Each structure stands twice: as C-alpha cells, then as structure tokens.
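The questions below ask what stands behind each label used for this model. Each answer sets a value against its cut-off.

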Amino acid sequence: EATDMQEEPLVETFETDEEAQAQLGELVEEDDVPVSHLNKTPFDVERSCTDWWCLIIALAACIGAVFLGHHLHINSNLEVLAHGYSYQQLVCPREADDPLHLGQKSKPKYAFWCLNATRTGMVLEEPICVEKCPISDYTYHLCEHGQVQRQDYASVQSGFYCSPLDAQLR
C-alpha cells in the first residue's frame, strides 16, 4: 500500500516562467502587494540626499572648532593646561623668580603645594614652583605669597607636579 501511494512534491515546479509569474501574481494579489514592487532592487530606486542640513551643521561645528583653537593658540597660554603654575601665575617650567634664590633667575620645574599651618592638608589655592620635589620632611619653602616658611612633606615627581607620598595628603 505504501508503494502504491506517491507523495506530492514539497516544492511546486513550473513548466515555464510565465506559469511561475502567474502563480506568483496570484499569491501577491492575495497579500495586497503590487507585483511591480517585487521586481525592484535597491539600485532601481531613485535616491536623494535627505540629511543635507546635518552636513551644514557638522561643517559649521568643524569651522567653529578651528577658529576657537586658533583664537586660544594666539591669545592664551596653553602650557598652563599641562604644566603647573605658581600663585604668581607663572608657568613652572619657564623662568620664574624664586624666593629662595633672592630674586635670581632659576628654572623651577614642578608645582608644589605647601602644607597648611596644622600640617593636616595642603594649601591648594597657592601652589609654588620648585626646582625639585622635596624628598623628606626636613626641608622648608616660603609659602603664602613668600611670607611664611613652611615645612615640606616627602613627595615624588609626577609629570610637572610634586605628589605627596603620604596617602592622607593625596
């Protein structure tokens, strides 16, 4: 009995392309999709720029950034961003008057913050420029606009800054 029954094929085959198109058209019409849309590829569709205003905004932002960078380069001191500076607004790697050398020109390289009067924190509002970072508590610097001598703290060079070794001062 099983051999007498022939199974129907799962895929319908057509003799000609016209038969296949006709069958496809019937299926498409049932789904309410026009046949003309099935034959188009992405290259057949006419395209146009829809986001031209985004291009104008992006170009304006780029031009503005260039003008701002040029203005900052001409009219400001960009070294302050990377290097330390003293309470006198002098960039530390540049020549500055060092109070410890009695007005002689020196090249202090590092920004250093003095300890406050109770030695519990640093005076962050008034950094000074030093030639080298103090490595012990046995040295002193003139702080508070060169008016008060304060004991140093052990520190290590970190870029153009002196970072305290004591974790409580960090």
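This is a predicted model: local features need pLDDT of at least 70, side-chain atom pairs count only at pLDDT 80 or more; totals for chains, interfaces and linings use all residues.

Q: Why is E144 called partly exposed?
A: The relative accessible area of E144 is 30%. Buried means under 20%, exposed over 50%, and partly exposed in between, with a 1.4 Å probe and protein chains only. The value for E144 lies in between, so E144 counts as partly exposed.

Q: What makes E144 and R150 a salt bridge?
A: Their closest N and O atoms are 2.3 Å apart. A salt bridge requires a side-chain nitrogen of Lys or Arg within 4 Å of a carboxyl oxygen of Asp or Glu, so the pair qualifies. A search of the whole structure finds one salt bridge.

Q: Is R150 buried or exposed?
A: R150 has a relative accessible area of 14% and therefore counts as buried.

Q: What is noted about the backbone of E144, and where does E144 lie?
A: Phi of E144 is near 55 degrees, a positive value in a residue other than glycine. E144 lies in the loop between strand 5 and strand 6 (148-151); strands are DSSP runs of E with at least two residues, helices are runs of H or I with at least four, and both are numbered from the N terminus.

Q: Which loop holds R119, and what is its phi?
A: R119 is found in the loop between strand 3 (110-115) and strand 4 (122-130). Its phi is positive, at about 60 degrees, although R119 is not a glycine. With a relative accessible area of 37%, R119 is partly exposed.

Q: Why is L142 called partly exposed?
A: L142, in strand 5 (residues 140-143), has 24% relative accessibility and so counts as partly exposed. L142 and I128 are 14 residues apart in sequence and 8.6 Å apart in space, C-alpha to C-alpha.

Q: How do you know that the length of helix 3 is close to the expected one?
A: Helix 3 has 24 residues and reaches 35 Å from its first C-alpha to its last.

Q: Why is helix 3 said to lie largely in the open?
A: Of the 24 residues of helix 3, the number buried is zero, so the helix lies largely in the open.

Q: What makes W52, W53, I56 and I57 a nonpolar surface patch?
A: Patches are made of residues with over 30% relative accessible area and no salt bridge; nonpolar side chains (Val, Leu, Ile, Met, Phe, Trp, Tyr) are joined within 5 Å, like charges within 9 Å. W52, W53, I56 and I57 make such a patch of about 480 Å², with areas from the Shrake-Rupley method. I56 is in helix 3 (residues 52-75).

Q: Where is confidence lowest, and where is it highest?
A: By pLDDT, the predictor's confidence in each residue from 0 to 100, the lowest mean is 48, in strand 1 (residues 96-97), and the highest is 93, in helix 3. Over residues 95-101 the pLDDT is below 50, yet this stretch has 21 contacts (heavy atoms within 4.5 Å) beyond near neighbours in sequence. The mean pLDDT of the protein is 77.

Terms used. Residues are numbered from 1 along each chain as its sequence is written. Side-chain values use heavy atoms; hydrogens and water are left out. Accessible areas come from the Shrake-Rupley method with a 1.4 Å probe; for residues, only the protein chains shown count as cover. The expected span of a helix is 1.5 Å times one less than its number of residues.
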